[in-house]
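Open the model in your viewer and keep the selection panel handy. We will go from the whole chain down to single residues.

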Amino acid sequence: MLDRGICRLGKAGELERIYVSTDQFIYTYATTGDEASLCAMELRCLFGREIPPDIFASTRKVDASRSPFIKERIDVMYTAESLEEIYIQTEQINVGDRTFKVIFVKTNDLPRAAKIEYDERRAIEREIGLRIEGAADVKRPEIVYGIVTLGGRWYFGTYHKNDATWFRQMQKPRSYSIALGTRVARAAVNMAVPDPQGVRAIDPCCGIGTVMIEALSMGIDIVGRDINPQIATGARANIAHFGFTAEVTLGDIADIQEHYDVAIVDMPYNLYSSITPEEQFAILYHTRRIADRVLIVAIEAVDEMIQRAGFEIIDRCIAWKGSFSRHLMLCR
């Protein structure tokens, strides 16, 4: 973390330095038992390391609304060992003609005995609000600031809440009984494409377009393909319904000639359609031909088939929904 500092006179008349962080972000997240493995892998892919429970700091800036698990992000402006130091630092803020609000982030790593209760949280918000130059507005603020404690330090900065866009995208005009759930699809996209800059992606077995819609909503350059004409038509209708534009072609993966940076493949399986192991292997074989990196989704571990196709599994997880599970395997 790179810090710059401001100075003030301490109690003993000595010059003290208060550190100001300009390249750190604090995130909080939440998950359930069924999705814990899925969440952990998504966060590993987005942040490049194993993430501790509930709250963490990172130098990577990720849109809080990308993940179905991240709750909020604070872009750190100031950090200090005590609230009093944070209070002093926030006196520098002048929002001009804009309105603001301060939120105390409840998620932290404090022990139960040190829990900060509701009244104290509101008091901290008011104390900071009184020191900021500008008009407070708790209902429709133009700027939101957050204050949180982590690892024995306090952090203050601009606050960004997850707007959960995927909830809207659950309601598709065309549906398919075995399509990926929207949350799983969104996490899968983040695993496959943690940094969208300059990435060209393909979903060569796109079904009704669930993965494509999540990718498009995050600004990812993706195209789709499906061998079933009715399903491909449904994918186009779903994509258009949410105001997105993307190419969905009809045909076998074996006919694809272009090369892509990454592919996301939800493997067809024998629940409502008929597919042989040889046909499943052919999908993996041709995926290896057209993409450098792939996120494979399957109802069972298919390690031997993946390795035979020429891929190496670099990360994996299982997403549960009741007794039904899906294996997600990131390969290169």
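How many positive and negative side chains does the protein chain have, and how far apart do the centres of the two sets lie? Colour by charge: there are 40 positive and 46 negative side chains. The centres of the two sets lie 3 Å apart. Keep in mind that this model is predicted.

**Whole chain.** Show the C-alpha trace. Along its principal axes, the trace spans about 80 × 40 × 35 Å. Switch to cartoon, where 8 helices and 16 strands make up the secondary structure. Of the 332 residues, 50% are buried. The accessible area is about 16400 Å², and carbon and sulfur atoms hold 49% of that. Among contacts with a separation of 6 or more, 70% join residues 24 or more positions apart.

**The open sheet.** Next, find the open sheet of 7 strands. Trace the order S4-S3-S5-S9-S8-S6-S7; the pairing is mixed. Select 55–58 and 133–136: these are S4 and S7, the edge strands, and each pairs on one side only. From one strand to the next, the twist averages 40°.

**A parallel pair.** Select residues 94–104 and 143–150. These are S6 and S8, which run parallel and are joined by 5 bridges. Zoom in on Ile103, which stands opposite Gly146 in S8.

**Two helices.** Select residues 36–47 for helix H1, which lies across S3, S4 and S5. Helix H1 runs at about 165° to S3. Then select residues 83–90 for helix H2, which lies across S5, S8 and S9. Helix H2 runs at about 85° to S5.

Key:
Residues are numbered from 1 along each chain as its sequence is written. Side-chain values use heavy atoms; hydrogens and water are left out. Two strands pair if DSSP finds at least two bridges between them. Helices (H or I, at least four residues) and strands (E, at least two) are DSSP runs, numbered from the N terminus. Axes are lines fitted to C-alpha atoms, for helices over the stretch in contact, and angles run from 0 to 180 degrees between N-to-C directions. Contact means heavy atoms within 4.5 Å. Buried means under 20% relative accessible area, exposed over 50%, partly exposed in between (1.4 Å probe, protein chains only). Accessible areas come from the Shrake-Rupley method with a 1.4 Å probe; for residues, only the protein chains shown count as cover. Lys and Arg count as positive and Asp and Glu as negative; His and the chain ends are not counted. The place of a charge is taken as NZ of Lys, CZ of Arg, CG of Asp or CD of Glu.
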